[in-house]
Amino acid sequence: MAELELVPIKTRILTDKDDIVDAIEEYAKDIVGPDDIVCTAESVVAITQRRYTRPEELTPSWQARLMRRFVPGEGSMASLYGMQAAMNLEGEWKMLFCFIIGFLAKLIGKNGVWYQLCRQASLTDDVTGTMPPFDKCIVYGPAEPDKVAEKIKQRLGCYGACVADVNDLKRSAVLGHSKGLNPSEIARILIDNPFGNASQKTPIVVIKNYAKFVHQKPEAAAAN
């Protein structure tokens, strides 16, 4: 019986001078096989795409000052500069309008509407949210994560690839994936956050034996 194994891959500090696909090939090519899935942390993909800014480069608007007061303290949107960074991509008036819609939706028991309508509100990482030296930066969500995942799959010859947003609070989401993968299942596998984006420098995780594992599940069910 094939068993899943999650293997974190140690790298150097990756910057906007790196190509994420080249970096994964450099560090993981001898480990990745045709039955494996290559997962990479979304913040590192965004950094290699130069999708980050510094707080001192931002001018907070009155919309940002108002809205951040209504966001729980642990989120990036509770930060004035985190909120403004997301607004710079989404648009200040769009963010405010969607925030009002989200507030009204919450009154009838539907949560998360604002984050669904304004994706950067959920994807933007405030300062200290990623690895040094970018822990002094605000990092946006990655661009075209599905395309990034497809490029990784083609280059490495693996079963699949994904770009994932996972943290230590048991929150796991697949932002982009190669064709044929079930993002919800991959998110469940990564729920314990095997990535190490800080001093560990392990922003790549290989899920070993995935193809064998998923193919044997129907056989096991039939046998029962």
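## L80 in helix α4

L80 is buried, with a relative accessible area of 15%. Keep in mind as you look around that this is a predicted model. The residue lies in helix α4. Setting aside neighbours within four places in sequence, L80 is in contact with P60, A64, R65 and R68. If you also find A46, you will see that L80 and A46 are 34 residues apart in sequence, with 21 Å between their C-alpha atoms.

## E90, also in α4

Helix α4 is the place of E90 too.

Beyond its neighbours within four places in sequence, E90 is in contact with M95, C118, R119 and Q120. M95 takes us on to the next helix, as it is one of the buried residues of α5.

## Helix α5 and what covers it

Helix α5 covers residues 92-107, 16 residues in total. From its first C-alpha to its last it reaches 23 Å, close to the 22 Å expected at 1.5 Å a residue. After α5 comes G109, a glycine with a positive phi, near 90 degrees.

Which residues of α5 are buried? They are M95, L96, C98, F99, G102 and A105. Their cover includes four helices: α3 (62-67), α4 (80-90), α6 (113-117) and α7 (119-123).

Zooming out, the protein is divided into domain 1, made of 3-48 and 141-214, and domain 2, which runs over 52-136. Taken over C-alpha atoms, the centres of domain 1 and domain 2 are separated by 25 Å.

Where the domains meet, 14 residues of domain 1 are in contact with 11 residues of domain 2. Between them the two domains bury about 1,100 Å², and 62% of that area is on carbon and sulfur atoms. Helix α2 (residues 42-48) gives the most to the side of domain 1 that touches domain 2, with four residues.

How many salt bridges cross the interface of domain 1 and domain 2? The rule finds zero. As for polar contacts, two residue pairs are counted between domain 1 and domain 2, both at pLDDT 80 or more.

Methods. Residues are numbered from 1 along each chain as its sequence is written. This is a predicted model: local features need pLDDT of at least 70, side-chain atom pairs count only at pLDDT 80 or more; totals for chains, interfaces and linings use all residues. Side-chain values use heavy atoms; hydrogens and water are left out. Helices (H or I, at least four residues) and strands (E, at least two) are DSSP runs, numbered from the N terminus. The expected span of a helix is 1.5 Å times one less than its number of residues. Buried means under 20% relative accessible area, exposed over 50%, partly exposed in between (1.4 Å probe, protein chains only). Contact means heavy atoms within 4.5 Å. Domain bounds come from an automatic or database domain assignment. Buried area is the accessible area (1.4 Å probe) that two parts lose on being put together, summed over both. A salt bridge is a side-chain nitrogen of Lys or Arg within 4 Å of a carboxyl oxygen of Asp or Glu. A polar contact is a pair of N or O atoms within 3.5 Å; within protein, one must be able to donate a hydrogen and the other to accept it, and residues adjacent in sequence count only if both atoms are side-chain atoms.
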